[in-house]
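Visitor: I am new to this structure and would like to learn how to read it. May we look at it together?

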Amino acid sequence: MYFYLSILFSLMLASSAWAVDARTSTILSEVDDLWRGSSSHAIATLKVQTQHYSRTMTLESWSKGKEKSLTKVLKPLREKGTITLKSGNHIYTYLPKTDRTIRLSSGMMMGAWMGSHLTNDDLVKESRLEDDFDAKITFEGRRNGQNIIEFTLLPKEDAAVVWGKIVLEVEAERHLPIREVFYDEDMQVSRTFTFTGLKELAGKIRPSIMHIVPAYKPDEFTEFIFETLTLNVPIQDSFFNKSALKRHQR
Amino acid sequence: MKLNQLAFRNIFRRKRRTFITAFSVAFGVMLSVTFTGTGDYTYTNMIDTGAKMGMGHVTIEPLEYQNKPTLDKRLQKTNEILQQTRALDAIASAVPRIMGQAMFASANKNVGGAFIAINPELESANNNLFIKSLVEGKMFTSDSKRGIVVGSKLAKKLRLKLGKKLVYTTTDVHGEIISHIARVTGIFHAGVDAIDGNMVLMPLKSTQHALGYTADEVSLIAVLIHDQRQANLARDLIRTLPSVQGYAVLSWHETQPDLAGMIAMDKSMNYISQILVGLLIAAGIFNTMLMGVLERKHEFGMMMAVGLSPSTLFRLVMVECFWLALLGLMLGIIITAPWYYFLYHYGIDLSAGMGNDFTYGGVLIDPLFKARLFPESIMFILGSVFTLAMLAGAYPAWKAGRTPPIESLKTI
Amino acid sequence: MSDALAKDQPIVRLSHISKTYQQGKVQVHAVNDVSLDITQGDFAALCGPSGSGKTSLLNLIGGLDVPDAGSVWIDNVNLATLSHAKLAEVRKNRIGFVFQAYNLIPVMTAYENAAFVLDLQDIDEAEKYQRVMQVLKDVGLEGLEQRRPDEMSGGQQQRVAIARAIVTRPAIVLADEPTANVDSETAKSLLNMMAALNEQQGITFLFSTHDQHVMDKAKRIIQVHDGKIADDERK
Amino acid sequence: MHILQLSLRNTGRNKQRTAVTVLSMAFACAIMILFSSMMAGMIQGSERQIVEMNIGDIQIHPQGYRDDPDIYKRITDTAHILKQLAQQGIKATPRLYAFGLMATHGTSSGAQIRGIDMQREQTVTKLHQHVAVGSWLDKTKPKAVVLGKKIAATLGVTIGDELIFVGQSADGFMANDIFYVQGILKAVSDGIDRSAVFIAEQTFRELMAIPSGTHEIVLRRPTPQTDLTQLTTQVQNLVPEYEVKNWKKLMPAIARLLETADIQSLIMMSITYIAVATIILNAMLMTVFERMHEFGIMKAIGVRPWQIVRLIYTETLIQTLLASTIALIVGWWVANYFSIHGIDMSAIMDGSVSMGGLAFDPIWYTYVTYESLFTPIVFLIVMAMLAVMYPAWKAAWIKPIDALHYR
């Protein structure tokens, strides 16, 4: 429905505003910066595998800052031209089949996003991670043949998050994310994000594949694959206007 | 010798007939008390319970809130309205509330539901059903930022326990989507799935803050009154207050049309039943009175022979009927009192023998067959049974006066 | 009250009265074209076998029944012209009734039974007491005023009935077989008492009877046969 | 003289007394018949309304569907099942469900879309008669929807307005389409009022990419007399792999509510029966005691006590049978009248009424059952026989001399 891929990737993790020690802050900022500039343009593939179906989509997306993003479906043909716009707290969907734009209500936030294992709410929420968690390094050293740093993110008392904690592993040297595990309040694993497919994107080596497995359905997954990524592209704010949605339709 | 005295002696002489007639009347009292009493109890119980589930007997709310209860509609002079409302005699309590829809999420699941934001200082088990049915934990305090009391079914769905957190997502006053965290301080079990699986209570102050309301803004004011039957009166009274001008003031009939309809249906059933029972009682009294008159044909004939006029005879029988009815009422009170006492205090448990999974928990439908009478109802019952007895006695009395004396004398 | 009336002016006048009853499928001509006058001071007996029409005649005279033909006059008033209530008035004020048996109000004492009609007449309390006590004394029931009917013998009950009939000073006392239900000794004393009342107080009596004692005492004997008057003889 | 003959003559002799006794018993009994029929009518009527409106008598679901309504849990051999049910004379209809968003002019609401087989649905439920404004779905308009009362209010739509549905189809794609409001229902049940959107089955299948299978099969008893539990078992045996539940299991709260009403009416009935019993007792006591003198004479001329008991009992039987016949005819006639014409209670209640979230009709019909007809009759006879015991005993063993003076 709506896909602001860059925001998803970057803000899932961290931000520069962590009120923690300098080193933690620095590394998390680096991770955060991996996919995000002041603005971005990307083409990505989304693969969803469930018990009932598997599907592949190609998406094109633009973002500016944290609050604005626009995602358009390129493939398959059946959904081509579907556009999702996130502007601040508002989410709009343009449906080419009906030629109508719909604003999503709060009640829809918990719906599955694009048939994947993420909810609409996940995408909105993650942009607030930095305000919601305290981070600290809980492990440094070798694990699974790699030198890693493990961060544990604990939600702040007031934070509107459902997780008990988030554990993030990054490569010790390049500070590239390896794995991010979400725990529920009883500290049971709820879902796991794995980052692979290192390749050069926007002039730097970054993971290009994000693989999400829900703990309660281990046979299913959702996967994002970056095909291209350009950071800091010039985009007008008006690009993200609701009234501009129809214009994007080609 | 006065008719009264004569009637009295007749009543005492024919003890069996007197007893049977009085018993018919007494039974009428008992039946009416049972029917009316259970009705009075059940309706009051349902109405009060309904009122305690959020809207009160009388609701002060923004115009159009009834049709489309969205969070952008709100009352703005809450304190002023509260002050003026509480000054009215009929009002038991008036409490500010915010009611809205929200999504509730835990790490496990998310579900849609509704919240009621309350000020726990103003609310208690007496005016809030949810507080009454709290089964675990306790109510949050009025200053609580994150306290939340959830329904048992909702807690189960989200796998929540006391102290666990819950994220609610809703739309604030500007139409923006907002999310906040809350921690479970208590769990209530009202016994109705639609409520236990949907409802949460939240602190008014923090909810106002979260939604962008000022401290003087709420969705509605729920007014509870001492006697639910005065709801429309109270509503009209409140409507005249200067502070509520521009707002809607509705009684429970309007805010809970389903309940009002159901009660109306049940009441109409009860009326019909009562009419039938009334007919039965009248038949019983008529029967005994008529038999009594037929039996005494000879006596009446002789009285008429010595000069008693038909109208005097009619009066005599009516006076007897009057005392019989009065006696019956007294007997009725005597036999009904323990029965009523039993129904009042214990009731008959209708849920017994109906399986263990049957938990009503006092909401909407009480599994107890209980009775409670309004003082007016008592007067009404005694009055109507008495009238019934007198009416049933009228024909036999008339008949007694009409029988030609010669006919009466022949029946020796 | 009778002083104003001439001795031979009839208290009761029956003029060609007839009465037919339907008993099952049979028509019974209980009274068949009877004309009769009863005058002040009569002590008359209607005699005849049972079924001859005596009781019917008494009922017609007392206004308890209405004749099919002819008219009944009491004090020169035609009963046929009176309403139920007026008829009750006449019975109350002008006629005293004495029946065979079961003729007292069971819930009342002897005094109250005797006073019953006076009660209906709204007589002043003191006068009532005086009259009732006098009458009870006259019929020989002094000291039994507070007895209930079921506490008295048949003769005593009949005395109460007679007391009740005469206490209003009626123009005539109608007595239907007054001695039929009592033994002969009692019957004799009842009759003597009534004869004395007739003699001393001039009360007019009309009995129906087939009792020889009564007939012997009667000053006028009216023989009734098949609803007709066969003979009317004054002694 | 034969006792029966004597009793008959006695009964006929004092017509007035017999009439008063018989009529008062008949009256009480007829009222009880009417009352029982009304109670039965209330219970049965409520049940019928619940069942007819939407949920049917029995529903078949895939295992676990009700706990977690997942569009992938489907009954795969629907056509086969429907055919088999039809062979047994059971009417049934398939249904499909999915959740999504209904949106219009800036407002939106979560909705449950319901794919309906228009033809079959009409044979099973009365939803199509419950349209408040507009009309029910019809075949010629595949893009038409009928909405629940409250969701229509939430969306602020009226007939002819456009609605956009967005959801996720079974193949993971986005399901979206434009629909037009064809009708808005009256209050049905809370769930339907708040979120139901009815669309044609074929439209649903195309929209949600579900070419086959159904989520629910709803069926109705062939006749109202069919035993529900038995039929449930029968259907379960037919489709052992699916969950088969009757409405009482599907809506336990309502079923309990009706059971409670049943018990309540039972209490009311027993109290009322006691009232009737006093009438009968009264009538019997009066008739016998009034004739004590007569029984005294009979005893005096040598009739044995048991013969008197038999005489009284025979007379009582004659009277109660007379009363029963009258009561049966009158009670039946009145109850039957109201079962056809109904008692209109709309004067007391306005419009349609819902109870526990289910809509009810303001016209109350009686329901004449064998029970409602004969329970009062049997009760009458039994009560009369019991009631006459004491006076009969008294009459049989009284001393003749006392009886002659009996007042």
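Guide: We shall take the contact between two chains, then one residue.

Guide: This is a predicted model, in which local features need pLDDT of at least 70, side-chain atom pairs count only at pLDDT 80 or more, and totals for chains, interfaces and linings use all residues. Residues are numbered from 1 along each chain as its sequence is written, chains are lettered from A and ligands numbered from 1 in the order in which they are written, and side-chain values use heavy atoms, with hydrogens and water left out.

Visitor: How many residues does the contact take from chain B and from chain C?

Guide: Contact means heavy atoms within 4.5 Å. Chain B contributes 19 residues and chain C 27 residues.

Visitor: What is the area buried between chain B and chain C?

Guide: The size of an interface is often given as the accessible area lost when the parts come together. Buried area is that loss (1.4 Å probe), summed over both parts. Here the value is about 2,100 Å², with 69% given by carbon and sulfur atoms.

Visitor: Which residue forms a salt bridge with C:E112?

Guide: A salt bridge places a side-chain nitrogen of Lys or Arg within 4 Å of a carboxyl oxygen of Asp or Glu. The partner of C:E112 is B:R9, with the closest N and O atoms 2.3 Å apart.

Visitor: Is B:V249 buried or exposed?

Guide: Buried means under 20% relative accessible area, exposed over 50%, and partly exposed in between (1.4 Å probe, protein chains only). B:V249 counts as buried because its relative accessibility is 3%. B:V249 and B:I60 lie 189 residues apart in sequence, yet 4.5 Å apart in space, C-alpha to C-alpha.

Notes:
Buried area = accessible area lost by both parts, 1.4 Å probe.
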